[in-house]
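Subject: Structure handover and notes

Dear colleague,

I am passing on the structure below, together with notes on what was found in it. Please read the notes with the coordinates open beside them.

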Amino acid sequence: GTTFQLSDYRESDFIVDAVDLTFRLDPERTEVVSTLTVRRRPGVSPDAPFVLDGDEVELKSVSVDGQTMAEEDVAETGNGLRLSNLPGQAAFSLTITSEIAPERNTQLMGLYRSSGVYTTQCEAEGFRRITFFPDRPDVLAVYTTRIEADRESAPLLLANGNCIETGDLGEGRHYAVWHDPHPKPSYLFALVAGDLGVLEDDFTTASGREVALKIYVEHGKEARAAYAMDSLKRSMRWDEERFGREYDLDIFMIVAVSDFNMGAMENKGLNVFNDKYVLADPEIATDADYANIEAIIAHEYFHNWTGNRITCRDWFQLCLKEGLTVYRDHEFSADQRSRPVKRIAEVRLLKAHQFPEDAGPLAHPVRPDRYREISNFYTATVYEKGSEVVRMIATLLGEDGFRKGMDLYFDRHDGEAATIEDFLACFEDATGFDLGQFRLWYDQAGTPVVSVSTVWDPGSRRFTASFEQSVPATPGQAKKDVMHIPLRFGLVLPDGSEAEPTSVTGARVTDDVLHLTQRSQTVQFDGVSARPVLSLNRGFCAPINVHFEQAPADLAHLARHESDPFARWQALNAYAMRVLVEAVAKERAGGTVDVDPALAETMIATAEDETLEPAFRAQALALPGENDIAREIGNDIDPDAIFAARRAVQTVIGKTGAEIFARLADTMETPGAYSPDAASAGKRAFRHALMTYLSLADASPARANEAFAAADNMTDLSQPLLLLAHFFPESEGANAALATFEERFHDTPLVIDKWLSAQATAPGAATLERVRMLMEGEHFSRSNPNRVRALIGAFAAGNPTGFNRADGAGFAFLADEVLAIDGRNPQVAARLLTTMRSWRSLEEGRRRHARAALERIAAADKLSSDVRDIVDRTLA
Ligand code: B3K
Ligand code: ZN
């Protein structure tokens, strides 16, 4: 396949000012008539052809200003059209008539049907599967969309913008016309037609615009959209207050569909969502589901300014909208919930998804400079690391400076397709801050490593810290330049207070930020009253790996006394990681795992600390996961040893804390009706963490059985279900709970997904057989992405012992499934395959099996470009 390069960017030869679309909807044969108002860009040769993209679109006819084009001027190229002999100077109108088959569109890109509802997904390159078009984000046009369909099966006809006309066509058909006044790229086009229920509300913007809000869901499920609606209104208000951004149309619509390749899509005025991120009530949704709905509703809404009003010049700039919008949704959730707890969750996620990506064969810069298949670049690096880079800009500039830069960005680039250079220039111009070295964060892949050592000299009261930075080599980038790494820090004294040095030399310090800008730097802090403990990278200010052999006592000191709660968690987590890594080494050497009693004591003390909110204490009790430990160890990984060692450490902590944990669990009741608020959710999370330790200490499923029986909401029901399925899989209670759960929710697929995942992630080699059995059952379907992710995805990504079975059967299974799914849905198949990305860090036997599975995929004779790209890079 072709490799696209950032350095090859060229403006389009033709400018499209307006797009008029007519859809005659039919499942097997939908006719699309597209009329483009086109001009040649000044300076472009009058005989340059107009090249349009097209994919699985059947061409019927092409005319220019009403005249059918001569056959020799219309070339079908295999991936589009090349039109020659077009008017040289004047603007012209180009009408293309073509046909598509929504019912047969299994890729879920372009126009397709989900449970009888016509829907679209155009980002990144789906519009070309609807009609021939210059399908690139820098072609901005005003769209008018006419939809014609059967009135009975599709009473509802929606597209972007405002509805300007509706009417009857006779013979049971009707039509609607929508007009979107805001010029937009084709990837933001959307159309929905079907029979759906609606939840309605309204919102008045700060300047007084009345906005109708509508969330469309399956009939009968309207009440389950209430939390999404509430989240939407809070998002709209927040964006006004925090960023001065108002909504800009008279209507905002969200449609929930059950077949969707990802989470949601920010189409202008008509967001389309995976129903998993819209539908909630206490019976079917967990606290985590509520939090995800809130975050994703906000994310898509925030795109209206960061993505839609200002879009991307080309797909290399994807992080311009995604990293920035993730940063905005993170800030929103932090304001709506608990800031430190939200930050801990973000950092856990970043380390679990982005760090391994950055350390493996799929590593790429936040702004990639080449790609073969853009769909494969909607990654944790573009999104999550992209957000961290924006967060660092906010750290460097301070709240006011950051806001000034954002204001300038909105002002200067509204209505444009922009680049990262444009974005950075706004911050520099608004504040005078030089981001010259900082911008390497966009161009250099790999997680930077900062090695630290410290010396305390009591005689001179000088504390010295030496820093050495490096960035690991990544595919296509052997050598790296020195980066600007901002590190928030503190010097914590023995009494818990903070040292205030009389002078700092060797690095620039602004407020509590230390700026690393050289390969190695020695920083002296003078006038420090007693031996301090260095607390580094507070708030996980920079997304880096810190190599710093801090003494366990120092980590325990920070875990108890840091003023920044996030830093307390960070220290505790680092301490636990150290103990776990040692335990794995012992386990592998055939010894008995023992646990530093001070770790257990510190964890128990944190759990007992009434000044801390329960949600934080739940995070403090959660040990690093098996994959986290594997990442820390880095190579020659034996997942079984990691599992056994972690379980042993967990059991020791459970036994040590049993009495206190039992007392605490009794104080974490949430009486009354279920409420999804953060404080109640925190109590439930803490109670569950305690119950897990207690069940291990008792070596009994009794508490989980009891909790399962008593539960009156999905959070309280699914937590003991997981505990039973993962810790007591052989028990009668585990089987009974799974059976009860299935019986109660068999007709609610979104809940059945939890049931599938709970079983797929049960540790151990035997789970593979269970997964195969579930695939044969009535609840699984390869054509629904949510089912595939819940069962196969959860198994491959969330079951280190099962998936990485020593005999390689897990890898072979994944290869079979990737090949089977690739034929119908390449994006889902390619995403599934990324679970193999850390294969080289496994011990030799497993590595050999993993390679064989990957090579078998690579050798298949019909692969999509999506899977081809991932498998080639994974093996390279
Ligand atoms: N922009 C979409 C993602 C589209 C993915 C296309 N493969 C959702 C989001 O990030 O908000
Ligand atoms: Zn997004």
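Asp239 sits in helix α1 (residues 226-243), where helices (H or I, at least four residues) and strands (E, at least two) are DSSP runs numbered from the N terminus. Asp239 counts as buried because 22 other C-beta atoms lie within 10 Å; by the rule used here, a residue is buried if 20 or more other C-beta atoms lie within 10 Å of its own, exposed if 12 or fewer, and partly exposed in between, with C-beta atoms placed from the backbone. Leaving out residues up to four places away in sequence, Asp239 touches Arg245 and Phe302, contact being defined as C-beta atoms, placed from the backbone, within 7 Å. Arg337 is 98 residues from Asp239 in sequence, and the two are 16 Å apart in space, C-alpha to C-alpha.

Some conventions before going further. This is a predicted model, in which local features need pLDDT of at least 70 and side-chain atom pairs count only at pLDDT 80 or more, while totals for chains, interfaces and linings use all residues. Residues are numbered from 1 along each chain as its sequence is written, and chains are lettered from A and ligands numbered from 1 in the order in which they are written.

The record places "domain: Aminopeptidase N-like N-terminal" at residues 20-188, a stretch that is 0% helix and 53% strand, with its end C-alpha atoms 15 Å apart. For residues 227-438 the record lists "domain: Peptidase M1 membrane alanine aminopeptidase", and there the chain is 56% helix and 9% strand, with 39 Å between the end C-alpha atoms. The feature "domain: Peptidase M1 alanyl aminopeptidase C-terminal" is given by UniProt for residues 553-876, over which the chain is 73% helix and 0% strand and the end C-alpha atoms are 43 Å apart.

The domain assignment of the chain gives domain 1 (1-98 + 128-186), domain 2 (311-443), domain 3 (449-549) and domain 4 (747-876), bounds of this kind coming from an automatic or database domain assignment. The C-alpha centres of domain 1 and domain 3 are 56 Å apart.

Which residues surround ligand 1? The shell consists of Glu123, Ala124, Met262, Ala264, Met265, Glu266, His299, Glu300, His303, Glu322, Ser375 and Tyr378, a residue being near a molecule if its C-beta atom, placed from the backbone, lies within 6 Å of it. Two or more of these residues come from each of β20 (264-265) and α2 (287-302). By class the shell has five nonpolar, three polar and four charged residues, where Ala, Val, Leu, Ile, Met, Phe, Trp, Tyr, Cys and Pro count as nonpolar, Asp, Glu, Lys and Arg as charged, and the others, Gly among them, as polar. The peptide bond from Glu123 to Ala124 is cis, with omega near -5°, and Ala124 belongs to the loop between β11 (117-121) and β12 (141-150).

Most residues other than glycine have a negative phi, and most peptide bonds are trans. Glu56, which is not a glycine, has a positive phi of about 55°; this residue is in the loop between β4 (50-53) and β5 (58-64) and is partly exposed, with 14 C-beta neighbours inside 10 Å. Asn537 has a positive phi near 60°, lies in the loop between β32 (533-536) and β33 (545-547), and is buried, with 23 other C-beta atoms within 10 Å.

Beyond its neighbours within four places in sequence, Leu191 contacts residues including Phe23, Leu111, Tyr118 and Ile147. Thr834 lies in the loop between α23 (826-833) and α24 (844-859) and is buried, with 22 other C-beta atoms within 10 Å.

Technical notes. UniProt positions renumbered as here; feature names shortened; annotations may be inferred. Contact = placed C-beta atoms within 7 Å.
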